[in-house]
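Here are some friendly notes to read alongside the model. Please keep the viewer open and look up each residue as you go.

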Amino acid sequence: MKPLEQLVRKNIWSLAPYSSARDEYSGKEAHVFLDANENPYNAPYNRYPDPLQREVKAVLSKVKGVPENMIFLGNGSDEAIDLPYRIFCQPGRDNVVSIAPTYGMYKVCADINDIECREVLLDDNYQLHADELLKACDENTKIVWLCSPNNPTGNSLDRDEILKVIEGFEGIVIVDEAYIDFAQQQSLRQELPTHPNLIILQTMSKAWGSAAIRMGMAFASPDIISIYNKVKYPYNVNLLTQQQALEALSDPFEVDKWVKTLLQERSRLMQAFNDLPICEQVFKTDANFFLARMTDAQKIYDYLVDKGIIVRNRSRIQLCQNCLRVTVGTRTENNELLSALRQW
Ligand SMILES: *Cc1c(COP(=O)(O)O)cnc(C)c1O
């Protein structure tokens, strides 16, 4: 890895961050707070929330086995995806490399930040080849984007190939693990201490059933996390979200139950898709959704919409011709989908 100072934009490296009242004073003993121009009435919503979300991180640290100073919390993964562009990439000069097909936000954030996004096609089994990906990198490549399990394909990328990318690339490698709780494959979290250029993204939006609260997380070296903290909005995760995250995190066993049920439903749904005459191929998945190649994805999509059932039409995406992406729902929802498709 290049020295961090060489990877971070000069203006960010030398940035003096905004210092809020709650940053300057964070002790416990005080009881009269006249420092932040808050209204003394309407507790608890009158007070600014903890800018570093310490309580949430303390719990998350135990759940994930990652020290608190290696955790960043953001307004969804969206924030954790956007910030690295602002931290590492000089608009008009630097570039990033991502796999394709993959999650759309990496490219959208690249475009917003005026950063070139180079896409390296996965193979026909949606697998990554580290050597090919590394060939697309040059001296101005700051970030490599990987997503495993990948969206919209559902499969996990080969762990050894991911490690080859992390070890063979001099810049930052971001692995989006939004669906890791559904996966056979293990998280890369334990690789963090030995791989200082690795950033791992996870989210409360999928297995944790909390997409509405908007909380995403990044795990990385303490040095990278402190730069994230310097660049983020001071109060990026609001009080209601922090409270609700604590509530959700207090019951990880509930999540385990959901995951177990969803994985059973997933295999039942995939089996049933395999038996449909209008389905040509069901792709291997490690997530709470799967990709299915249909005889005519657009027509089937429209037919389902007509019945009030919405799946995702991915047929215009590279390597996903005629493919629908199906999220696993409740048993009742899945049955409704199947009976509609059987009536085709
Ligand atoms: C759903 C999803 C996320 C979650 O994004 P949030 O902003 O945290 O809701 C992140 N990455 C991928 C690949 C996803 O599919």
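Which residue stands opposite Ala292 in strand 11? Keep that question in mind; point 2 comes back to it.

1. Before anything else, please remember that you are looking at a predicted model. The values below are computed from it, so treat each one as a description of this model.

2. Four strands make an open sheet in the order 8-9-11-10, and their pairing is antiparallel. At the edges you will find strand 8 (279-282) and strand 10 (312-313), each of which pairs on one side only. Strand 9, covering residues 289-294, and strand 11, covering residues 323-327, run antiparallel and are joined by five bridges. Now for the opening question: the residue in strand 11 that stands opposite Ala292 is Leu324. If you wonder what holds such partners together, strands of a sheet pair through backbone hydrogen bonds, in either a parallel or an antiparallel way.

3. Next, turn to the ligand. There are 14 residues around it, and those that come nearest are Tyr179, Thr203, Ser205, Lys206 and Arg214. Tyr179 has a polar side-chain atom 2.6 Å from an oxygen atom of the ligand. For Ser205, a polar side-chain atom likewise lies 2.6 Å from a ligand oxygen, and for Thr203 the distance from a polar side-chain atom to an oxygen atom of the ligand is 2.7 Å. On its own the ligand has 390 Å² of accessible area, and the protein covers 93% of that.

4. What does the shell around the ligand consist of, by class? It has five nonpolar, five polar and four charged residues. Helix 5, which spans residues 76-88, gives the most to this shell, with three residues.

5. Now look at the loop between strand 4 (141-147) and helix 8 (159-168), where Pro149 has its place. The peptide bond joining Ser148 and Pro149 is cis, with omega of about -5 degrees. Pro152 is found in the loop between strand 4 and helix 8 as well. The bond from Asn151 to Pro152 is also a cis peptide bond, and its omega is near 15 degrees.

6. Is its phi positive or negative? Phi of Asn42 is positive, near 75 degrees, and this residue is not a glycine.

Terms used. Residues numbered from 1 in each chain as written. Predicted model: local features only at pLDDT ≥ 70, side-chain atom pairs only at ≥ 80, totals over all residues. Heavy atoms only, no water. Near = heavy atom within 4 Å. Polar contact = N/O pair within 3.5 Å; in protein donor to acceptor, adjacent residues only side chain to side chain. Areas by Shrake-Rupley, 256 points an atom, 1.4 Å probe, with all protein chains shown as cover. Helix = DSSP H or I, 4+ residues; strand = E, 2+ residues; numbered from the N terminus. Nonpolar A, V, L, I, M, F, W, Y, C, P; charged D, E, K, R; others polar. Pairing = 2+ DSSP bridges.
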